[in-house]
Amino acid sequence: MFKQCDRETVYLFPPSVQDWLPEGHLARFVVEIVEQCNLERLKASYAGRGSEAYSPEMLVALLFYGYATGVFSSRKLERSTYDSVAFRYVAANSHPDHDTIATFRRRFLPMLKGLFVQILMIATEAGVLKLGTVSLDGTKMKANASKH
């Protein structure tokens with residue numbers, strides 16, 4: 001027979017985001033690395049006025065995980081926090097809107113560059129990332145792909 005497919009069943013206990021991803025997943029690694037980074041300069045620039053801001057750790061991890069997986073647009077990053085389990089894990093099941101993500105990136109871009117280099121160096125040392133040389137040449141070749 002078939003396994004029952006019941007989408008109406010409610011959870012007895014709310015699910016934990018820790019249970020959503022396997023142990024060796026890249027999203028877990030990114031979150032752990034960002035937690036080790038010194039983000040005091042980012043935190044110090046917040047004035048404490050207005051509504052509560054998203055954690056700089058979460059936004060840096062979200063941006064870096066997005067870049068690592070090929071998601072660069074702030075709108076796509078926002079959408080991914082709803083659609084992707086890994087992005088939900090990185091965002092701690094919150095959903096920052098695209099304006100928040102874009103403003104954070106624009107405001108802290110000089111600091112983010114240094115943080116991203118730091119994260120890449122840690123990932124290289126941990127053996128998760130292999131850095132190499134990518135070469136592109138501008139050779140133009142004649143091809144017969146046109147329908148004309």
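Student: Leaving aside its neighbours within four places in sequence, which residues is Arg-105 in contact with?

Tutor: Arg-105 is in contact with Leu-63, Tyr-67, Phe-72, Ser-73, Ser-74, Leu-77 and Leu-112, where contact means heavy atoms within 4.5 Å. The model is predicted: local features need pLDDT of at least 70 and side-chain atom pairs count only at pLDDT 80 or more, while totals for chains, interfaces and linings use all residues. Residues are numbered from 1 along each chain as its sequence is written, and side-chain values use heavy atoms, with hydrogens and water left out.

Student: What makes the link between Arg-105 and Tyr-67 a polar contact?

Tutor: A polar contact is a pair of N or O atoms within 3.5 Å; within protein, one must be able to donate a hydrogen and the other to accept it, and residues adjacent in sequence count only if both atoms are side-chain atoms. The side chains of Arg-105 and Tyr-67 are joined at 2.7 Å, so the pair qualifies as a polar contact.

Student: How do you know that Arg-105 has no salt bridge?

Tutor: A salt bridge needs a side-chain nitrogen of Lys or Arg within 4 Å of a carboxyl oxygen of Asp or Glu. For the buried Arg-105, the nearest side chain of opposite charge, Asp-99, is 10 Å away. Lys and Arg count as positive and Asp and Glu as negative, with His and the chain ends not counted.

Student: Why is the pair Lys-43 and Glu-57 called a salt bridge?

Tutor: The distance between their side chains, N to O, is 2.6 Å, which lies within the 4 Å limit, so the pair is a salt bridge. The structure holds one salt bridge. The pair links distant parts of the chain, 14 residues apart: Lys-43 belongs to helix 2 (residues 40-44) and Glu-57 to helix 3 (residues 56-68). Helices (H or I, at least four residues) and strands (E, at least two) are DSSP runs, numbered from the N terminus.

Student: Why is Lys-43 called partly exposed?

Tutor: Buried means under 20% relative accessible area, exposed over 50%, and partly exposed in between (1.4 Å probe, protein chains only). Lys-43 has 34% relative accessibility, so it counts as partly exposed. Glu-57, at 24%, also counts as partly exposed.

Student: What makes Ile-33 buried?

Tutor: Its relative accessibility is 4%, and therefore Ile-33 counts as buried. Ile-33 is found in helix 1 (residues 26-36). Leaving aside its neighbours within four places in sequence, Ile-33 is in contact with Ile-119 and Ile-122.
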